[in-house]
Amino acid sequence: MNLTRFEKGLKKLSEVDGTAGEHVIEALKDIAPDLGKYIVEFAFGDIYCRENLNLQEREMITLASLMTQGGCENQLEVHINGALNVGITPQKVIEVFLQGIPYTGFPRVLNAVGVAARVFKSRNVSAKEAAI
């Protein structure tokens, strides 16, 4: 059975982000439904479904990219949850951010770690689990 880009993307989005991804798409329905469609079809249907990187590698790249841009705290929250959903440990999430210090600087890394702390707390991940 051939799935459409949207169906493939929705399946992959659910695999990575669970219900959080669905909430993002739902929140866009009334204001920018095409944006939600683009996220599902392009980002998750085309990019996330490619074969050469696994979901953990894709999420680590996404975390690093969002951190370096700055101002992406809402998206970082979704993708930190996604990283945990695909089996990335809290320690690796923090390590991804620490790797960025020489290239991005302390302020953006501190912002990303702050988002991670909130996500870990909401998921009942202990601070010791996340400590490097």
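A: Let us begin with helix axes: an axis is a line fitted to C-alpha atoms, for helices over the stretch in contact, and the angle between two axes runs from 0 to 180 degrees between N-to-C directions. Please keep in mind throughout that this is a predicted model.

Q: At what angle do H5 and helix H6 pack, and how far apart are their axes?

A: H5 and helix H6, which spans residues 90-99, pack at an angle of about 135°, and their axes are 9 Å apart. H5 is therefore oblique to H6, and the crossing of H5 and H6 is right-handed.

Q: Which residues of H5 and H6 meet, and how does their contact divide by class?

A: From H5 come Leu-76, Ile-80, Ala-83 and Leu-84, and these meet Pro-90, Val-93 and Phe-97 in H6. By class, the contact of H5 with H6 has seven nonpolar residues, with no polar and no charged ones.

Q: How do H5 and H8 pack?

A: Helix H5, residues 73-85, packs with helix H8, residues 106-122, at an angle of about 55°, and the axes of the two helices are 9 Å apart. That angle makes H5 oblique to H8, and the crossing of H5 and H8 is right-handed.

Q: Which residues meet where H5 and H8 are in contact?

A: On the H5 side they are Glu-73, Leu-76, Glu-77, Ile-80, Asn-81 and Leu-84, and on the H8 side they are Asn-111, Ala-112, Val-115, Ala-116, Val-119 and Phe-120. Divided by class, the residues of this contact of H5 with H8 are eight nonpolar, two polar and two charged.

Q: What are the angle and the axis distance for H4 and H8?

A: Helix H4, residues 55-69, and H8 pack at an angle of about 125°, with their axes 8 Å apart. H4 and H8 are therefore oblique to each other, and their crossing is right-handed. The contact is made by Met-67, Thr-68 and Gln-69 of H4 together with Arg-108, Val-109 and Ala-112 of H8, and the residues of this contact of H4 with H8 divide into three nonpolar, two polar and one charged.

Q: How far is Val-16 from Gly-82 in sequence and in space?

A: Val-16 and Gly-82 are 66 residues apart in sequence and 5.0 Å apart in space, taken from C-alpha to C-alpha. Val-16 lies in helix H1, residues 5-17, and is buried, with a relative accessible area of 0%. Beyond residues up to four places away in sequence, Val-16 touches Phe-44, Tyr-48, Leu-55, Glu-59, Gly-82, Asn-85 and Val-86.

Q: What are the contacts of Lys-12 and of His-79?

A: Lys-12 lies in helix H1 and is buried, with a relative accessible area of 18%. Leaving aside neighbours within four places in sequence, Lys-12 is in contact with Phe-44, Tyr-48, Cys-49 and Leu-55. His-79 lies in helix H5 and counts as buried at 12% relative accessibility. With its neighbours within four places in sequence left aside, His-79 is in contact with Asp-17, Phe-44, Tyr-48, Glu-59, Thr-62, Leu-63 and Leu-66.

Q: Where is Asn-124, and is Asn-124 buried or exposed?

A: Asn-124 is placed in the loop between H8 and helix H9, and at 72% relative accessibility Asn-124 counts as exposed. Its phi is near 60°, which is a positive value in a residue other than glycine.

Note on methods. Residues are numbered from 1 along each chain as its sequence is written. This is a predicted model: local features need pLDDT of at least 70, side-chain atom pairs count only at pLDDT 80 or more; totals for chains, interfaces and linings use all residues. Side-chain values use heavy atoms; hydrogens and water are left out. Helices (H or I, at least four residues) and strands (E, at least two) are DSSP runs, numbered from the N terminus. Angles under 35 degrees count as roughly parallel, over 145 as roughly antiparallel, 65 to 115 as roughly perpendicular and the rest as oblique. A crossing is left-handed if the near helix is turned anticlockwise from the far one by less than a right angle, and right-handed if clockwise. Contact means heavy atoms within 4.5 Å. Ala, Val, Leu, Ile, Met, Phe, Trp, Tyr, Cys and Pro count as nonpolar, Asp, Glu, Lys and Arg as charged, and the others, Gly among them, as polar. Buried means under 20% relative accessible area, exposed over 50%, partly exposed in between (1.4 Å probe, protein chains only).
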